[in-house]
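Have the model open beside you as you read.

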Amino acid sequence: MNLFATIRSHPLTWIILVSVLLAVVLSFASPYFFTVGNINNLMKQMSIVAILAAGQAMVIITGGIDLSVGSVLALSAVTMGWLIQAGVDPVTAAGCGLIMGTFCGFLNGFIISRGKIPPFIATLGMLGVARGMALVITEGVSYQVLEPFFLFIGNAKFLGLPIPIYFVIVTYALVHVIMHFTVLGRHIYAIGGKERVARLQGIKVDKQILKVYMISGFLAALAAVVMVGRLAATPPSVAQGIELQAIAAVIIGGISFAGGRGIVLTALVGALIMAMITNGLNILGISSFWQQVLIGVVIITAVWLDNLKRSDP
Amino acid sequence: MATPSPLVEMRNICKNFGGLQALNDAHLDLYPGEVVGVLGHNGAGKTTLMKVLAGAQTATSGEIRIEGQKVTIKDPTDARSYGIETIYQELALCGNLDAPANLFMGREKNKWGFLLKREMKRETEKAMSKLGIRIKSVDSDVEIMSGGQRQSISIGRAVHFDAKIIIMDEPTAALGIEESKKVIELICDLKSHGIGILWISHDIHDVYNYTDRIVIFHGGRNVINAKTEDFTQNEIVSMIISGLPIIKDAAK
């Protein structure tokens, strides 16, 4: 096949071009943008949203949505903080946090597939429940986490790159493999394409949906590990509204909200673009109030361009 | 001539949707190498009966035997394990996936959960060429293919997995004349290989010419179960509409 045509039509091509363009513009706008310090900073800033966006992308490709990731992140973080406070060693605490996140995802998936409750509503419920539980457990206070294990994850570098970036790389590598090389991934695309057909063809739709929400919950807890490392604390109000950023990253990446279409890796670039906008505006000294405006505009533009591209041929 | 044992026997099948009785004591037989036309209005119960056999719905009560063995069909996977394949009217394809993904949907070839893509692609190409259908590239998404190509994937799916029983829900409804002819040729070919075919339709024209027997449903009940040649097309139409059997002289 024509290599050029393949590259041209690949969903990653355009979004990578856009992000490179943005990087070039920002480099000209501020000499500080393209420095090692700032790039590291940028990667750290983007890592949490990027990890969440990977799970969110999988969910959206099934035709669902997960509004609860921010709250699940908080509940997982608080779980870790509470256990550490109680004298549990940090690795076990992190493990329990991951289990907590996965369990929340399990509840989401269970309610959606068995209870036949739309994902928007089920995860909206979980958004409230998980955040509320985080507040109940802590009674509203933030635990301090000064364990070297977490501080290492939040602040150390390996081969010149901040540790959170390795979390991002491993997450996307695994999710990419799941989506494109395994039966589960194939089923996710089939369910997002036409759920009824998937059912008729013998796909265990409920079981696979359950797995997807569990993965999303697990990744929210993984993001919590990074978050705790960076903050050295577990405020129960952490990551409020971050689910919208994760969803925005997925949309900017060009993954269809209707389901069945798109590549998870584009969500990573989407997260990168959003982080660059925030970071760039900070460097340029533009009010952070404008960032939200700009990101809103970018989301709508991204979808609009995507529509134009699709109706083009 | 010895009568072979039936491939499918459905006995006293009842199906209720809430208060609505979609099937009331429905019966059906299918013998190897036989094409049976399943006829009736919309809502007559024919599609529901087929869905029960295909595992898309479960009967409220009744008995299904496959090759004499009593079986329980809870879901499409059960049905497939008994060699029952279904070609749905709307073809039941995912437009966002390519031909191999659709052909193997729900039973992907895999090793430890990892897809064996190349093998599935090869087998898809083989299956398509066996049906005499040329598809430029099986890698294209199904939604950009023509109606005939999509139909061939849907049929290829049924044929590829060594079906003994094929349920066809209006297989020619969405097709042009050429493509319909191909489907009918294929039905004849499958029949000659001893496969039993249930052909659902409410258009009796083709059904009349190519089926051995007809089963007519009306209001969830059997109207008649007879050799196609015993009736004229007009008589069949009148039974579909009225739901009343026409009693023929047994010693014709």
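Which residue in E2(B) does B:Asn16 stand opposite? I looked it up, and the residue in E2(B) is B:Gln21.

Some bookkeeping before going on. This is a predicted model, where local features need pLDDT of at least 70, side-chain atom pairs count only at pLDDT 80 or more, and totals for chains, interfaces and linings use all residues. Residues are numbered from 1 along each chain as its sequence is written, while chains are lettered from A and ligands numbered from 1 in the order in which they are written.

**Chain B, sheet.** I traced an open sheet of 4 strands in chain B, ordered E2-E1-E4-E5 with antiparallel pairing. Strands (E, at least two residues) and helices (H or I, at least four) are DSSP runs numbered from the N terminus, and two strands pair if DSSP finds at least two bridges between them. E2 (20-30) and E5 (69-71) of chain B each have a single partner strand, so one side of each lacks a neighbour in the sheet. Between E1 (residues 8-17) of chain B and E2(B) I found 7 bridges.

**Chain A, helices.** I then turned to H9 (residues 183-193) and H11 (residues 205-231) of chain A, which pack at about 105° with axes 10 Å apart. Axes are lines fitted to C-alpha atoms, for helices over the stretch in contact, and angles run from 0 to 180 degrees between N-to-C directions. H9(A) and H11(A) are therefore roughly perpendicular (65 to 115 degrees).

Conventions: Angles under 35 degrees count as roughly parallel, over 145 as roughly antiparallel, 65 to 115 as roughly perpendicular and the rest as oblique.
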